[in-house]
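Opened the notebook for a look through this complex. I want the overall layout, then a few strands, then the chain contacts.

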Amino acid sequence: MAGLQLHGLTKRYGDFHATQNVELEVKEGEFLVLLGPSGCGKTTTLRMIAGFVDPTEGSIRIGGKDVTTLPPWKRNTGLVFQNYALFPHMTVAQNVAFGLEMRGIAKREIAPRVQDALELVQLGHLADRYPRQMSGGQQQRVALARALVFRPDVLLLDEPLSNLDAKLRHEVRIEIRALQQRLGITAVMVTHDQEEALTMADRLVVMSDGQVRQVGSQRDLYERPASRFVAGFVGRSSFLEGEIRDGRFTTPGGLTLPCDKPIRGPAVIALRPERMTVAAQPHPGSVPGEVEFVSYMGGLIDLHLRLSPTDLVVAQVSNREGSLIPELGDTVHVSWPDATAFPASDPHARGH
Amino acid sequence: MSSITLTERRKLRAQGLTASGLIGPATLIVALGVLGPLLLLARYSLNLYDPRELMISAFSAQNYIEFFSDTYYLSTFWTTIRISLFCTVICIVLGFPLAYVLARTQSRYKNLMIIGVVIPLFVGNAVRAAGWMTLLGSRGFLSVWLMRLGITDEPVEIMYSETAVILGIVAVNLPYMVLTLQSVIESIGRHIEEAAFSLGAAPMVMFRRVLWPLALPGTTAGVILTFILAMNAYATPVLLGGPEFRMMSPMIYNQFQLNNWPFSAAVAFVLMASTLVLTVLAGIMTRQKFRD
């Protein structure tokens with residue numbers, strides 16, 4: 001077990017930057033999740049930590065030791081793959097024993113440790129099965145046991161839940177997180193699924209175009225998105241595009257709102273659907289809007305509200321007794337607490 | 001009650017007729033063109049040879065007994081098996097790394113590389129053997145250059161030797177082995193290797209513990225293919241081995257030329273049976289090893 005530091009980690013393929021100057025520190029026992037759309041560089045970053053991709057620049061330190069130039073088999077990282085990658089010609093027990101054998105552990109010590117690792121993932125009774133005789137969820141548990149049994153310095157998880165169906169995904173998700181906390185192991189996971197990221201991580205890293213866009217807790221990312229990109233990627237946001245001038249925000253569609261943000265010129269305002277207040281009557285700070293679409297999801301209802309010919313926002317209301325459930329074509333009045341505004345030109349510009 | 005209507009039944013029968021119409025010709029060709037001559041040869045091999053009458057109808061194991069009791073024929077038999085095994089081993093050793101590179105390359109020229117492996121198959125064995133002759137003969141390219149570079153003083157004669165034959169057969173068989181192994185290795189995902197690396201296995205250990213055991217069943221197919229080709233090689237041993245060098249296929253042909261049909265039929269059957277037995281043995285051995 002150890003901490004992990006990535007310093008100025010860059011990978012170039014010709015002119016293409018797979019990652020650019022990635023700077024991260026994972027504390028001992030912390031669960032860090034790299035989140036981003038496909039092609040954002042999260043997998044390249046993980047593969048550089050594992051040793052399968054040589055960084056063009058920068059360094060990787062595990063437990064204070066520089067491993068940048070070490071091959072994968074000398075790094076002591078436990079890697080869990082999306083497609084399990086179990087050895088099909090070995091039994092479950094042999095799969096789990098492999099890492100111990102590679103470390104020259106004595107035979108009589110291997111068997112009990114394999115058994116312990118399998119008990120950890122509740123598969124102690126299936127030690128003699130072959131991977132092909134097991135379900136996807138069981139196989140991924142075996143892969144987890146195989147990656148943990150030799151007590152790696154860092155556990156690396158590459159989209160470990162993507163091949164599982166929805167129900168299993170929830171189960172294995174909780175299991176991985178519980179194990180990681182119980183063993184106090186440092187872990188880095190890559191995912192494109194924000195729900196997965198939000199429920200498992202101690203801290204999250206949002207990446208796009210090979211760069212780290214924001215690092216923080218779930219709350220940090222949700223409440224204080226650093227850029228328009230993060231606001232759109234973590235949780236849901238509706239965006240109003242317009243211009244800020246003389247303390248007013250004006251959209252091309254004619255919507256005008258008071259605005260005290262320190263931004264001048266073209267700007268974007270990000271609104272969280274669940275932070276909106278919808279009422280039948282005008283109230284302080286409210287804007288009228290026409291209901292254009294109603295998405296009834298049981299406990300929650302999404303209202304698509306047209307505020308002007310160019311401005312459409314989504315408001316989410318909870319389906320409680322006495323809540324206002326408007327119909328198509330109704331006019332309602334919507335307001336929101338302090339929203340975040342971003343300069344319009346660059347999706348990665350800092351917000352206010 | 002399930003009931004098939006009359007029209008459905010007619011349709012089914014029509015489908016059956018179409019299917020037999022499609023399979024028929026191939027079946028017929030195999031039956032008449034392969035099995036027929038084979039049965040005829042089997043019958044011939046039990047006949048007896050007479051210098052004047054050529055073939056005398058009989059039911060005798062005489063030809064087979066003659067083959068297995070004569071050191072001349074036996075040594076040819078063992079030479080053929082030895083050379084075939086040797087060539088097959090060389091093909092695996094040379095073919096595996098090449099097949100691995102072909103299977104794992106991300107290069108956009110991958111298809112060109114595969115074509116490069118296949119192209120030698122476009123050239124007939126006899127033409128290729130002729131090529132080796134110009135390269136390996138005592139006044140051939142290799143010998144001349146070795147002398148010119150001062151590495152040897154006398155002409156080097158590689159032609160008309162076992163070495164030349166092995167070289168020739170390996171060159172013919174290698175593409176088959178490489179293509180078979182390539183598809184075998186491709187079917188073993190790269191992530192399996194990466195898993196082994198991340199668990200602490202260095203490349204050679206990964207190969208021995210993971211890649212090779214997983215590739216073994218598929219490799220058997222390549223081994224069988226190249227072994228059968230080597231056992232039955234004709235042009236290469238004749239052209240590169242010279243008159244003193246003997247393998248089974250040329251010997252069968254020679255016996256036919258001497259008009260000794262019964263004996264050459266018997267030799268043909270010995271070759272076929274031994275190839276079959278060794279092939280089956282190889283299959284059983286690898287399967288057992290894979291289970292362990």
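**Chain A, overall**

I started by counting elements: chain A has 8 helices and 20 strands. I kept in mind that this is a predicted model.

Next I boxed the C-alpha atoms of chain A along the principal axes and got roughly 75 × 50 × 30 Å. I then checked burial, and 40% of the 352 residues in chain A come out as buried.

I also looked at contacts in chain A with a separation of 6 or more. Residues 24 or more positions apart account for 66% of these.

**Two domains in chain A**

How is chain A divided by the domain assignment? I found domain 1 at 4–228 and domain 2 at 229–343. Their C-alpha centres lie 39 Å apart.

The contact between these two domains of chain A takes 11 residues from domain 1 and 11 residues from domain 2. I noted which elements of domain 1 give two or more residues to the side touching domain 2: β9 (203–208), β10 (211–216) and α7 (218–223) of chain A. By class, I sorted that side of domain 1 into 5 nonpolar, 4 polar and 2 charged residues.

**Strands around β16 and β17**

I moved on to residues 287–296 of chain A, which are strand β16, and residues 300–308, which are strand β17. I see the two pair in the antiparallel sense, over 6 bridges. Two of the bridge partners went into the notes: Val291(A) goes with Leu305(A) in β17(A), and Ser295(A) goes with Asp302(A) in β17(A).

I followed β17(A) onward to strand β18 of chain A, residues 311–318. These two strands run antiparallel and are joined by 8 bridges. The link from β17(A) to β18(A) is a hairpin too, through 2 residues. For one of the partners, I wrote down Leu300(A) with Ser318(A) in β18(A).

Back at β16(A), I looked for another partner and found strand β19 of chain A, residues 331–335. The pairing of β16(A) with β19(A) is antiparallel, with 4 bridges. Here I see Glu290(A) standing opposite Thr331(A) in β19(A).

**Chain A against chain B**

How many residues does each chain put into the contact? I count 17 residues from chain A and 14 residues from chain B. On the chain A side, β6 (77–80) and α2 (92–102) each supply at least two residues. I marked α2(A) as giving the most to that side, with 3 residues. By class, the side of chain A that touches chain B has 11 nonpolar, 4 polar and 2 charged residues.

**Chain B, one annotation**

Last, I looked up chain B in UniProt. The unreviewed entry lists "domain: ABC transmembrane type-1" for residues 77–282 of chain B. I checked that stretch in the model: residues 77–282 of chain B are 78% helix and 0% strand. I also took the distance between the end C-alpha atoms of the stretch, which is 19 Å.

Technical notes: Residues numbered from 1 in each chain as written. Chains lettered and ligands numbered in written order. Predicted model: local features only at pLDDT ≥ 70, side-chain atom pairs only at ≥ 80, totals over all residues. Buried ≥ 20, exposed ≤ 12 C-beta atoms within 10 Å, placed from the backbone. Contact = placed C-beta atoms within 7 Å. Pairing = 2+ DSSP bridges. UniProt positions renumbered as here; feature names shortened; annotations may be inferred. Nonpolar A, V, L, I, M, F, W, Y, C, P; charged D, E, K, R; others polar. Domains from an automatic or database assignment.
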